[in-house]
Amino acid sequence: MPRPIQIAPSVLPADFSRLGDEIRALEAAGADRIHWDVMDGQFVPNLTFGPDVVASTRQHTSLPFEAHLMVVDADLLAPLFINAGCSRLIVHAEACTHLHRTLESIRSLGATAGVSINPQTPHHIIEQVLDLIDLVLVMTVNPGFGGQSYIATMEPKIGKVRELINNAGLADTIDLEVDGGISAATIAAARTAGANAFVAGSALFKDPKGLAHAIADLRDRATAVATA
Ligand code: DX5
Ligand code: ZN
């Protein structure tokens, strides 16, 4: 059974002074999980959430938390975010010298693991770790900031990742998630290319009709795409 369509709001655009309220609102609006864009100011030129911030919101929702670790030292930080309440850790292939070992370690701590690849990174970098992951995150912007434009030239790469997953017989266990510039204008193309999970930040928080409308509209647009 192929993996379902999932909408994973990024809290990067949220009001950080009211994160608990914002996360409760995202759950009420129909989010499937919360996507934490963790940035260390080294791997990317921005600094965001530490494990204590994540932990302080854990009580406000029953939704799963996934941490997108845009950090140079995933081995150091992954255990801290698992203890903070993240059930999925997404690490960048570009930052992990021993990616295979890092993914094994995340799983040994009881979390599921994902690999994220930046726009310049070829799809085949994940070929040797498909047995260790539950998600591939294809960046459709250069990481570091919300509100950027979707990079449509990533669509052929999304297709190649989809092919890798399907040819390995893992279409019912691995999510193909995209992150960056996902909106009503871009989600159908990303779905057509092969994604089934969608991180969105600014498109949700900027919708004048509210979070529930934004999430439902994205889900409807992705679901409407006929997949082969
Ligand atoms: C980039 C971040 C953003 C964020 C979503 O490092 O990962 O892609 O999640 O941002 P929007 O949806 O505003 O492009
Ligand atoms: Zn992200």
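A cavity is a set of grid points where a 1.4 Å probe fits but cannot get out, and its lining residues have an atom within 4 Å of a point. In this predicted model, the structure holds 1 cavity of 30 Å³ or more. The largest cavity contains about 30 Å³ of space. Its lining consists of D75, A78, P79, T102, S105 and I106. Two helices, α3 (74-83) and α4 (99-108), each contribute at least two residues to this lining. By class, the lining of the largest cavity comprises 3 nonpolar, 2 polar and 1 charged residues.

Helix α4 also belongs to a β-α-β unit. That unit is made of β4, α4 and β5, and it is right-handed. Its strands, β4 (residues 88-92) and β5, pair in the parallel sense over 5 bridges. Within this pairing, L89 stands opposite A113 of β5. Strand β5 (residues 112-117) is mostly covered, with 5 of its 6 residues buried. Strand β5 also pairs with β6 (residues 135-139), again in the parallel sense, over 4 bridges. Here V115 faces V136 of β6 as its opposite residue.

A zinc ion is present as ligand 2. Its protein donors are H35 through NE2, D37 through OD, H68 through ND1 and D179 through OD. The donors lie 1.9 to 2.2 Å from the zinc ion. Along the sequence, the donor residues follow the spacing H-x1-D-x30-H-x110-D. D37 and H68 link distant parts of the chain. D37 sits in strand β2 (residues 34-39) and H68 in strand β3 (residues 65-70), 31 residues apart. Both D37 and H68 are buried.

Strand β2, which carries D37, is mostly covered: 6 of its 6 residues are buried. Burial extends to both faces of β2. I34, W36 and V38 lie on one side, and H35, D37 and M39 on the other. Strands β2 and β3 run parallel and are joined by 6 bridges. One pairing sets I34 against its bridge partner F65 in β3. The chain passes from β2 through helix α2 (residues 51-57) to β3, in a right-handed β-α-β crossover.

Four elements, β2, β3, β8 (197-200) and α7 (202-205), each supply at least two lining residues. The lining of the second largest pocket divides into 12 nonpolar, 12 polar and 2 charged residues.

Strand β8, which contributes to that lining, is flanked by pairing partners. Strand β1 (residues 6-9) pairs with β8 in the parallel sense over 4 bridges. In that pairing, A8 is opposite V199. Strand β7 (residues 175-179) also runs parallel to β8, joined to it by 3 bridges. V178 is the residue opposite F198. From β7 the chain crosses through helix α6 (residues 187-193) to β8, and this β-α-β crossover is right-handed. In β8, A197 and V199 point one way, while F198 and A200 point the other way. All four of these residues are buried.

K157 is found in helix α5 (residues 155-167). Its relative accessible area is 10%, which is under the 20% cut-off, so K157 counts as buried. K157 and M39 are 118 residues apart in sequence and 24 Å apart in space, C-alpha to C-alpha. K206 lies in the loop between α7 and α8 (211-223). K206 has a relative accessible area of 66%, over the 50% cut-off, and therefore counts as exposed. K206 and P13 are 193 residues apart in sequence but 9.1 Å apart in space, C-alpha to C-alpha.

Methods:
Residues numbered from 1 in each chain as written. Chains lettered and ligands numbered in written order. Predicted model: local features only at pLDDT ≥ 70, side-chain atom pairs only at ≥ 80, totals over all residues. Heavy atoms only, no water. Donors = N, O, S within 2.8 Å, 3.2 Å for Na, K, Ca; no water. Buried < 20%, exposed > 50% of the residue type's maximum accessible area, 1.4 Å probe, protein only. Nonpolar A, V, L, I, M, F, W, Y, C, P; charged D, E, K, R; others polar. Pairing = 2+ DSSP bridges. Right-handed = clockwise from strand over helix to strand, strands pointing away. 1 Å grid on protein atoms, 1.4 Å probe; cavity = no way out; pocket = protein on both sides within 12 Å on 5 of 7 lines; lining within 4 Å. Points joined across faces, edges and corners; volume = space filled by probe spheres on them.
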